[in-house]
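I am opening a notebook on a structure that is new to me. The entries below record what I looked up, in the order I took it.

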Amino acid sequence: MDTQEKSKSDFIKELHKLQQEFNSLTILYDKNIAEQKLAKQELLLANKELVYQNELKEKRAAELIVANKELAYQNKLKEKRAVELVNAKNKAEASDHLKTAFMNNISHEIRTPLNGILGFAPLIIQSDITMEEKEEFLEILNSSSDRLLNTINAIMDISLIISGNMEVHPQPINISSLLTNTYHNFQESCMKKNLAVKMQFPDNVDNFILNTDGELLQKAVSKLVSNAVKFTTKGSITLGFELINNEIEIFVKDTGTGIEKDSQKIIYKSFMQENISDTRGHEGSGLGLSISKGIIQLLGGKIRLESKKDIGTTVFFIHSKHCTSSFFKTKEDKKTNQRKKNIIHINR
């Protein structure tokens, strides 16, 4: 009996002990579960924070890319602006140099003929000079007067063109007569330089009429012929026109010096010449090409040139504004007054 009670008592003790261990394990399990839940929540929060940080980094990276692009763009703008400023500075310096050279040239072109006039005018009235000397002095006076007058006219023409005060008075003109007059005007100057001067007209075109300002057109053509004579030392000069596809091409051909390719873009600009130093070997204001271009544009045309050094220059004049060309072969054609575009093609 005692043995049974003791065994029972031991069993109960062992059972209580197991119950306590179970309760401890249960508490530990619950604690672990709570800790796992807490760790999971912390992990979720950490993941959310990590995602947020990654999004911030990506946004910042995108902003940096945009900022880098903007910085690169601004750097390019600064570089471009720096190049433009350098070019502007160089152009300003070149312009100042050319303007100075131009003014020196104009001053020379005014003083030189004045000196000729003032120097030889008193001599021509002296009684002790021979007739040959008097004729020589008179020729110098005439050439000096013409040179001075041409310089003044050139200054006035370029001033009128730049200010927009040059007027256009279109009227029917005979293109053959206009070019023939120009041809005769330059015959003597060509003969003095031993240059052959020729005219080249198509057959049966004596009655072709061009409706434009004849005075301005002749002045523009004359400036180009003058340049041809000035810059041609040997060979020939040919003045004429052709009819190509119902268009008139006026041309002045010479065997002159031509114009370098790099100079062709600036040759018509004010104060611009191919080589300033070259002009001292030729009299003149250096405004002939600028005046020709201004007149041609005033007549509604466009001008461009093709040139080869030591071969010659070709200037193309397209007439399409202010004055519309009309060509009449008969009186009946004149009544119809058909308007056609005129192209003038000139070799300098």
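Is F201 buried, partly exposed or exposed? I looked it up in this predicted model: F201 has 25% relative accessibility, so it counts as partly exposed.

**Entry: the chain as a whole**

I began with the elements and found seven helices and eight strands in the chain. Of the 348 residues, 30% are buried. For the surface, I noted an accessible area of about 23,000 Å², with 55% of it belonging to carbon and sulfur atoms. I then turned to contacts between residues at least 6 apart in sequence, and 71% of these join residues at least 24 apart.

**Entry: aromatic pairs**

I searched the whole structure for aromatic pairs and got two. In one of them, the ring centres of F120 and F137 are 5.2 Å apart and the planes stand at 50°, so I filed this pair as tilted. F120 belongs to helix α1 (residues 2–124) and F137 to helix α2 (residues 131–163), so the pair ties together parts that are 17 residues apart in sequence. I checked the cover of each ring's residue. F120 is partly exposed at 24% relative accessibility, whereas F137 has a relative accessible area of 12% and is buried.

F201 came back in the other pair, with F241 as its partner; the centres lie 5.1 Å apart, the planes are at 45°, and the pair is tilted. I located F201 in the loop between β2 (196–200) and β3 (209–212), and F241 in strand β4, so this pair ties together parts 40 residues apart in sequence. F241 is at 1% relative accessibility and therefore counts as buried, the cut-off being under 20%.

**Entry: the cavity**

Helix α3 (175–185) and strand β4 (236–244) each supply at least two residues of the lining. Strand β4 gives the most, with three.

**Entry: helix α6**

Last, I looked at helix α6 (residues 288–298), which is mostly covered, with eight of its 11 residues buried. Among the buried ones I wrote down L289, I291, I295 and I296, along with G288 and G294. Just after α6, I found G300 with a positive phi of about 90°.

Terms used
Residues numbered from 1 in each chain as written. Predicted model: local features only at pLDDT ≥ 70, side-chain atom pairs only at ≥ 80, totals over all residues. Heavy atoms only, no water. Helix = DSSP H or I, 4+ residues; strand = E, 2+ residues; numbered from the N terminus. Buried < 20%, exposed > 50% of the residue type's maximum accessible area, 1.4 Å probe, protein only. Contact = heavy atoms within 4.5 Å. Areas by Shrake-Rupley, 256 points an atom, 1.4 Å probe, with all protein chains shown as cover. Phe/Tyr/Trp six-rings, centres within 6.5 Å; stacked < 30°, edge-to-face > 60°.
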